[in-house]
Protein chains: 2
Amino acid sequence: MSWFHHASRRRKWLAGVSGGADSVALLHKLHEAGFARVVVCHVNHGLRGAESDGDERFVRSLAKRLGYACEVERVDVRGRMAERRESMETAARGARWEFFARMARKHRCRSVVLGHHADDQAETVLWNLLRGSHRLRGMEEEREVEVEGVRLVLVRPMLDERHSDLVEWLKGRRLKWREDSSNDEPVAVRNRLRNEVFPLLGGITGRDPVAALNRAARDTAEADAWAEECLAAHRVMDPQGRIHIRAFSGLPDFLRRRAMADFLRNAGVGSISRALLEAALDLADVSGPASVNLPGGSRLRRSAGRIWFDR
Amino acid sequence: MSWFHHASRRRKWLAGVSGGADSVALLHKLHEAGFARVVVCHVNHGLRGAESDGDERFVRSLAKRLGYACEVERVDVRGRMAERRESMETAARGARWEFFARMARKHRCRSVVLGHHADDQAETVLWNLLRGSHRLRGMEEEREVEVEGVRLVLVRPMLDERHSDLVEWLKGRRLKWREDSSNDEPVAVRNRLRNEVFPLLGGITGRDPVAALNRAARDTAEADAWAEECLAAHRVMDPQGRIHIRAFSGLPDFLRRRAMADFLRNAGVGSISRALLEAALDLADVSGPASVNLPGGSRLRRSAGRIWFDR
């Protein structure tokens, strides 16, 4: 049963709609399934001038036709990049999420439905793999993120569907979309993975890399869920959110490494190098150093049988 | 401590040497570390005519100079492909392994040292991922395979070294190798991954894909080792090599799937589709069908609380 059949049609949902085929298909699927209280949220990144404004007009008029509310925000991605020294992708995502957080407050609805599909998932998996998140981690169908004090729930009901199938679905219903609107999203790496790497891999191996990467992401998600169960069963974290060293030391190597990486990530340590991870793991050894400096000035400390953050 | 330092220098070792930089570096490293009883094994695939014969002469003369015995075999890869309907890579590997098995019998030595390195490992990992071995599985430093009744031990001591470092190592010692001898190995997919995919991925992401894939392979190996410990602890396999359904059903989804895939693979089921795996998993449900047909005519059966092969 797909998400569109079991999710509540009566409650309110925010929907991220760029105007491209994927998010337009998402919106029509919501409408066709009888979702009545959708707030269409469109971000105008303003990176393609008149084209971007055309996307905005298209989305406004589509929302109106379907009887949905529509919220639009123009964001200054380049300004944000300069100000915060963020990459274009990070800046654009940050701006989008902050917009969703404001809309969540305004509409008293923290669930955001997004149009990511299997091809996006494959790109995410490969990109995560290459940049050092060693596992084949992809996006989850449902994920909570905290943005400006709001706990947004990002929902991605189309992760099993191929982009080409969504396009066929729209064509079969004679529905329109904005052909180039995805170019408005500054995702150069992803676009190149999609347009250059995947066709090359498919040609060389005779296999569909998108299908393989999606299966791998599902297998990894299952393994991760199980590892998390194990960590919970071993009571590695104490009620204060510190690592309980005795429980921690009883874990196999592989789980210790994973638990420590999760601990660092949850504490906001952005880039976890192999060296940092090893140093943090060594903290559990009472004969070694009792603290580790973290990027950004905070520290990880060991005392009284616990490992914790000293900010 | 590298393998070259802790492995026994006094015992006999077979070494696979093509004449290319990697296996020539392997041979010199063995010699430099004081390994005295090495049998150099060279396969002439005969795919490049006079060039292939030049490789053979080079390897013979190098072995002689280092004081090592040398065994050479010419194999008919194309004939084997036609006869057994194997791909070129499978045929060449099969011929090589059978040659090693004969040499193991002749020299009473079943350990074969091979020159695979980190770049080969990265290709293996990506190729395994794409063809559906969902995990990021690579080669192991030591692996047993049974070939024609001989249990060969394949040892790969250079999996952590980069090809470029091996070349520098040879150059630093003014040692020679056969530049194109790796072209004699019919590994078209691997060559294209190396020459086309990796540079493209590196260019797009600004990261080194070989390093990322090697880290991933190590993490996967750790996780796999742990999963195997869990399976052993749950006594999923009975002494007759059958699956014990009660123990099996107590496992989390993820481990059940892995145990069944391993079971099928160990029984020689070559290509395990998702559908076959699901059907095999459903066998554990006593209210469902009691057998599953396997490719090749054999069957998987459930009876008396066990799942087993009926050939």
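Modeller: In what order do the four strands of the open sheet in chain B lie?

Biologist: Strands of a sheet pair through backbone hydrogen bonds, either parallel or antiparallel. In this predicted model, local features need pLDDT of at least 70, side-chain atom pairs count only at pLDDT 80 or more, and totals for chains, interfaces and linings use all residues, while side-chain values use heavy atoms, leaving out hydrogens and water. The order in chain B is β7-β10-β9-β8, with antiparallel pairing (strands are DSSP E runs of at least two residues, helices H or I runs of at least four, numbered from the N terminus; a pair needs at least two DSSP bridges). β7 (243–244) and β8 (291–293) of chain B are the edge strands, each pairing on one side only. Residues are numbered from 1 along each chain as its sequence is written, and chains are lettered from A and ligands numbered from 1 in the order written.

Modeller: Over how many bridges do β9 and β10 of chain B pair?

Biologist: β9 (residues 299–303) and β10 (residues 306–310) of chain B are joined by five bridges in the antiparallel sense. B:Ser303 has B:Arg306 of β10(B) as its bridge partner.

Modeller: How many residues of α11(B) are buried?

Biologist: Buried means under 20% relative accessible area, with a 1.4 Å probe and protein chains only; over 50% is exposed, and in between is partly exposed. In α11(B), 10 of the 14 residues are buried, so this helix is largely enclosed by the rest of the structure. Among them are B:Phe254, B:Arg257, B:Met260 and B:Phe263. After α11(B) comes B:Gly268, with a positive phi near 90°.
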